[in-house]
Amino acid sequence: MTSHTKVYTLEEASQHNTRDDCWVVLDGKVYNVTEYLDEHPGGDDVLLNATGRDAIEDFEFVGHSKNARGLMQMYCIGELDKSSQVIPQQKVTTKKQTTELSQKSTEASFKYWVIPAAIISISVVAGLFYFPK
């Protein structure tokens, strides 16, 4: 950590938990993702639900790409003061919430992989019809 890196407490970071002001902590780094909420493939609620704790487990569970990890650096505003961390309360998730998160993940996967693959497949088939050997 350099001397000019801003250090935040978990309590301070957790106060930024609204759509107009959203900070997320991942692996000891603090990110201001307010401007990214509308762009997040999993929806803004995923990021809003990640406030108030280090959400690295959630981040890793989803399996973000190298591009997503690189994009994160744009939003990094500092580091978490390790001495201020408290053990967060366990959040109880209902089966419905888990299903909704799974559906959003599936929709994002569909949007980013299946649709382009279908377009490419259709283009290849169309090319075979229009340009026979």
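This briefing describes the sheet, the nonpolar cores, the salt bridges and a surface patch of one structure. The model is predicted, so that local features need pLDDT of at least 70 and side-chain atom pairs count only at pLDDT 80 or more, whereas totals for chains, interfaces and linings use all residues. Residues are numbered from 1 along each chain as its sequence is written, and side-chain values use heavy atoms, with hydrogens and water left out. Five strands form an open sheet of mixed pairing, and five salt bridges are counted.

- The edge strands are β1 (7–8) and β2 (17–18), each of which pairs on one side only; two strands count as paired if DSSP finds at least two bridges between them.
- Strand β1 runs parallel to β5 (residues 76–80), with two bridges between them, and Tyr 8 has Leu 80 of β5 as its bridge partner.
- Ser 14 belongs to helix α1 (residues 10–14), and its C-alpha atom is separated by 7.9 Å from that of Val 24, 10 residues apart along the chain.
- Ser 14 counts as partly exposed because its relative accessibility is 21% (buried means under 20% relative accessible area, exposed over 50%, and partly exposed in between, with a 1.4 Å probe and protein chains only).

**Nonpolar cores**

- The largest nonpolar core has 13 residues, of which Val 24, Leu 26, Tyr 31, Val 33 and Leu 47 touch the most other members; a core is a set of buried Ala, Val, Leu, Ile, Met, Phe, Trp, Tyr and Cys residues joined through side-chain atoms within 4.5 Å.
- Strand β3 (residues 21–26) supplies the largest share of this core, namely three residues.
- A second, separate core consists of seven residues, including Tyr 8, Ala 13, Trp 23 and Val 25.
- Beyond its neighbours within four places in sequence, Leu 26 is in contact with Tyr 31, Asp 54, Ala 55, Ile 56, Phe 59 and Met 72 (contact means heavy atoms within 4.5 Å).

**Salt bridges**

- A salt bridge requires a side-chain nitrogen of Lys or Arg within 4 Å of a carboxyl oxygen of Asp or Glu, and Asp 44 meets this rule with Arg 19, their closest N and O atoms being 3.1 Å apart.
- Because Asp 44 lies in helix α2 (residues 44–48) and Arg 19 in the loop between β2 and β3, this pair ties together parts that are 25 residues apart in sequence.
- Glu 79 and Lys 29 form another salt bridge, with the closest N and O atoms 3.6 Å apart; since Glu 79 lies in strand β5 and Lys 29 in strand β4 (residues 29–32), the pair ties together parts that are 50 residues apart in sequence.
- Arg 69 and Glu 60 meet in a salt bridge at 3.0 Å, N to O, and Arg 69 is partly exposed at 31% relative accessibility, as is Glu 60 at 40%.

**Surface patch**

- Val 125, Phe 129, Tyr 130 and Phe 131 make a nonpolar surface patch of about 570 Å², the areas coming from the Shrake-Rupley method with a 1.4 Å probe and, for residues, with only the protein chains shown counting as cover.
- Patches are made of residues with over 30% relative accessible area and no salt bridge, like charges being joined within 9 Å and nonpolar side chains (Val, Leu, Ile, Met, Phe, Trp, Tyr) within 5 Å.
- Val 125 is placed in helix α5 (residues 95–130) and counts as partly exposed at 43% relative accessibility.

Conventions
Helix = DSSP H or I, 4+ residues; strand = E, 2+ residues; numbered from the N terminus.
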